[in-house]
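Subject: Handover of a structure and the findings from it

Dear colleague,

Please find the structure below, followed by an account of what was found in it.

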Amino acid sequence: MMPAASILLVDDDHHLATSLGEWLAEEGFETHLAGTLEDARQQLRQHAFELVITDLRLGGEDGMTLVSDVKKHHSDTPVLVMTGYATPNTAVEAVRAGAVDLLTKPVIDDELLLAIDRAMNQRKIEAENETLRRQLDQRSGLENILSHDYRMMKIFDVIDSVADAKASILITGENGTGKSMIARAIHNRCARRSGPFIEVACGALPDTLLESELFGHVAGAYTGANTDRRGKFELADGGTLFLDEIATATPAMQVKLLRVLQELQFEPLGGMETRSVDTRVILATNENLDKAVADGSFRQDLYYRINVVNIVLPSLRERTGDIPLLVDHFLREAAETAGRDIDGFDREAMKCLQSYAWPGNVRQLENVVERAVLLATDRVLTKDDLPPDVLGTSANQHASIGSVGHSPGVTASSGPSSFNPAILDGCSLREALEGPEREIILHSLRRHNWNRAATADELEINRTTLYKKMKRLGLDDPRLQYANH
């Protein structure tokens, strides 16, 4: 049997704390009570709790101090805050201090259970993320590729499967998705890892220079070629050659590449001697090669030759769940490099980061985080530390939240042509609007990891109204948090 989750309940109202503690015990939790700040600190030093629930007013002491203490000295323990004196800024202050949620007294039983469940789940996710970091650090070649997205996990499995295969590998994806890192990871996982890894950006060189770069040249091959020079295929002998931006190669170069990939033989520019190499080739492009083959700009035979194993990297906007993990990694690196003490981004800034479309993908995210660290004036980074383009795009997307998950016949447009009167057949206006309302609230809850305070703030309704709507629309079922979406 699993041991009961241990909760420290901090409240100076002994009667209320005892009553709530007994109810939590009936629900299966191991509950410890503390009536003062010092008592709570003492118990935290003596016992490892899985959750702390504290009032904000502890006699003459401030419960927010306890929240900060827990975050500083027991960072893996989530804190729920309860108060009967909430102001519009209380939730913001509590979250900045380190709380995962704020509940207003009197607390509804189901609401408290839902908050506890969400806090415990967040603790579990954070523990899994930490385990994931350690595992990735131990996986040779994958230590800098941070992700818990299922698509990236499948790619890691593919890397392990094809690392020692002789076939060429084609990596496709938008700019900034990490194609070079994946190529290096494949090299570091294969038996050739002790050999060289050489990268060539094909799009950066004109055709003649690219041929010389890849195959080498003999003295006198062109003006300025005063000595023989070995090419990258030869220099990568026994190792891996990574050809990036392969779609930019001219038809003439594509013919030469097809031959060397098939036979592993070539002649240097201006030379007659055929040279043989044992070089593993990985290629990458951000172009649609199917379309390039169809319009004749890319050879079909070369496409079939390089497309034996195709690794398709998802864009960052397709795996927004990885953004907090990546931000944490880039922030620690940037802060260490700059010699700055930075705690991290606040909730609103992180919401902006997760709402932005990231056309430059992971590379752009890294630059934005580094910029924020360098320009920050406080330990906690806010949306004011983000560049205008990130704020502008996230604001537009936030304004269009109503376009997500609409029922048939309802669109975000307010024009008369967007309304389908058929949706009112046989039902009231309230019933017709329940579908879109449920989808909008569900979308916002998922965006904020089921934090009701942040969700209510985004939807511009108070938390009590949100909870009532969740009950009415069937969104208070904890199982929804773990459903695939």
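Thr240 touches His187, Arg192, Pro196, Phe197, Ile198, Arg280 and Ile282, leaving out residues up to four places away in sequence; contact here means heavy atoms within 4.5 Å. The model is predicted, so local features need pLDDT of at least 70 and side-chain atom pairs count only at pLDDT 80 or more, while totals for chains, interfaces and linings use all residues. Residues are numbered from 1 along each chain as its sequence is written, and side-chain values use heavy atoms, with hydrogens and water left out.

Thr240 is found in strand β10. Helices (H or I, at least four residues) and strands (E, at least two) are DSSP runs, numbered from the N terminus. The relative accessible area of Thr240 is 0%, so this residue is buried. Buried means under 20% relative accessible area, exposed means over 50%, and partly exposed lies in between (1.4 Å probe, protein chains only). The side chains of Thr240 and His187 make a polar contact at 2.8 Å. A polar contact is a pair of N or O atoms within 3.5 Å; within protein, one must be able to donate a hydrogen and the other to accept it, and residues adjacent in sequence count only if both atoms are side-chain atoms.

Strand β10 (residues 240–244) is joined by four bridges to strand β13 (residues 280–285), and the two run parallel. Two strands pair if DSSP finds at least two bridges between them. Leu241 stands opposite Val281 in β13.

In which order do the five strands of the open sheet lie? The order is β9-β10-β13-β8-β14, with parallel pairing. β9 (197–201) and β14 (309–312) stand at the edges with a single partner strand each, so one side of each has no neighbour in the sheet. From one strand to the next, the twist averages 20°. Helix α6 (residues 150–162) packs on this sheet and touches β8 (169–172), β13 and β14; the direction of α6 makes about 155° with that of β14. Axes are lines fitted to C-alpha atoms, for helices over the stretch in contact, and angles run from 0 to 180 degrees between N-to-C directions.

The next topic is the nonpolar cores. A nonpolar core is a set of buried Ala, Val, Leu, Ile, Met, Phe, Trp, Tyr and Cys residues joined through side-chain atoms within 4.5 Å. In soluble globular proteins, nonpolar side chains tend to be buried together. The largest nonpolar core has 29 residues, of which Leu214, Phe233, Leu243, Leu257, Phe298 and Ile306 touch the most other members. At least two residues of this core come from each of β9, α8 (207–215), β10, α10 (251–263), β13, α11 (289–294) and α12 (300–306). With five residues, α10 gives the most to this core. Beyond its neighbours within four places in sequence, Phe233 is in contact with residues including Leu214, Leu241, Leu257 and Val281. A second, separate core of 28 residues includes Leu146, Ile342, Cys352 and Leu353.

Another strand to examine is β3. Five of the five residues of β3 are buried, so this strand is largely enclosed by the rest of the structure. Leu51, Ile53 and Asp55 lie on one side of β3, Val52 and Thr54 on the other, and all are buried. Strand β1 (residues 6–10) is joined to β3 by four bridges and runs parallel to it, with Leu8 opposite Val52. β3 also pairs with strand β6 (residues 79–83) in the parallel sense over four bridges.

Asp55 lies in β3 (residues 51–55). An unreviewed UniProt entry carries the annotation "modified residue: 4-aspartylphosphate" for Asp55; UniProt positions are given in the numbering used here, feature names are shortened, and annotations may be inferred rather than shown by experiment. Is Asp55 buried or exposed? Asp55 has a relative accessible area of 7%, so it is buried. The bridge partner of Asp55 in β6 is Met82. Leaving aside neighbours within four places in sequence, Asp55 is in contact with Val10, Asp11, Asp12, Gly63, Met82, Thr83 and Lys105.

Gly63 is also one of the buried residues of helix α3 (residues 63–73). At the start of α3, a side-chain oxygen of Asp62 comes to within 3.0 Å of the backbone nitrogen of Met64.

With kind regards
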